[in-house]
Amino acid sequence: MADKRNDPVVVIGLGRFGSSLALELARRGTEVLAIDSRPKKVQSLAGQITNIAAADATDIEALRQLGVPDFFRAVVAIGSDLEASILATSLLVELELEDIWAKAVSRQHGQILNRIGAHHVVFPEHDMGERVAHMVSGRMLDYLEVDEDFALVKTHPPKEFVGVPLGESKLRRKYGVTIVAVKSPGEEFTYATPDTELSYGDIVLVSGRSDNVERFAELP
C-alpha cells in the first residue's frame, strides 16, 4: 500500500480543535481543505489556510462540489452540534473515504460515530483533561498515554538514580519502567544508554505501564 501520510486532508469544522488541527497540518506541509458553515470563521482563517470554504458539510452535494470524494483522509472536528457531526461523518462514509477521523464530546457520541463508520474517534477535551490532571496532581512535567495502560512521562529523576549508571540501577526490575531519553540543562534530549548517569536538574522521558510510571514520577 502506498504511503498515505502526506496525502491531502479534509477538516470539517473550524472551532478551536479544528482550527488548530488544520493550521498545524498546513504548517507541516500537508495540503488541507478546511470547511466550515460560518463565513466569518472561514474569512478569519483564509490567509492562513490555502484551501478553505464556507459550506454545509451536512449536504452531500456541497461535499461533492468541493471534491471531498477525491480525498483519502478526513477529520470531522464538529463538536457542539452533535447532529451535524453525525450527519457529516455518515456522508463521508457514504462517499467512501478510506480514513475518517471524528471528534467526540462524550462516550455516547463516540459510540454513535463508531457505529456509523468512523475509523477513528478522538476525545480531545477528555484526553487533555486527563493529561493535565496527571500533571497537576504530581511531579510530572508532561504525560502521554500511548495505549490503554501504557504511558510516556516527562519528569525529573528521583535522587536514588542520580549519579548511578542506568545499566547498574536495576530500574526496570525495581519499578518496571524504562528511561528512554535524557535532557540536561541547556542541552537537547539524547537517547539514554546503560552508561548514562543522571544529574539533578536533568529531565527524563520514562516509559512503562501507567501505574508504574506514575509511581516512579512520585519518588523523591
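Trp101 stands opposite His120 in strand E6, and in strand E5 the bridge partner of Val75 is Trp101, while Ala102 is the bridge partner of Val76. Helices (H or I, at least four residues) and strands (E, at least two) are here DSSP runs, numbered from the N terminus. The model is a predicted one, in which local features need pLDDT of at least 70 and side-chain atom pairs count only at pLDDT 80 or more, whereas totals for chains, interfaces and linings use all residues. Residues are numbered from 1 along each chain as its sequence is written, and side-chain values use heavy atoms, with hydrogens and water left out.

Strand E5 covers residues 99-103, and four of these five residues are buried (under 20% relative accessible area, with exposed meaning over 50% and partly exposed in between, for a 1.4 Å probe and protein chains only), so E5 is largely enclosed by the rest of the structure. Four bridges join E5 to strand E4 (residues 73-76), and the two run parallel; the chain crosses from E4 through helix H4 (residues 82-94) to E5 in a β-α-β crossover that is right-handed, a term meaning that, with the strands pointing away from the viewer, the path from the first strand over the helix to the second runs clockwise. Three bridges join E5 to E6 (residues 120-122), again in parallel, and E5, H5 and E6 make a right-handed β-α-β unit.

These strands belong to an open sheet of six, in the order E3-E2-E1-E4-E5-E6, with parallel pairing, where two strands pair if DSSP finds at least two bridges between them. The edge strands are E3 (51-54) and E6, each of which pairs on one side only. Helix H1 (residues 16-27) packs on the sheet, touching E1 (9-12), E2 (32-36), E4, E5 and E6, and its direction makes about 160 degrees with that of E1; axes are lines fitted to C-alpha atoms, for helices over the stretch in contact, and angles run from 0 to 180 degrees between N-to-C directions.

Within helix H5 (residues 107-116) lies His109, which counts as buried because its relative accessibility is 2%. Leaving aside neighbours within four places in sequence, His109 is in contact (heavy atoms within 4.5 Å) with Leu82, Ser85, Ile86, Lys103 and Ala104. The C-alpha atoms of His109 and Phe123, which are 14 residues apart along the chain, are separated by 9.9 Å.
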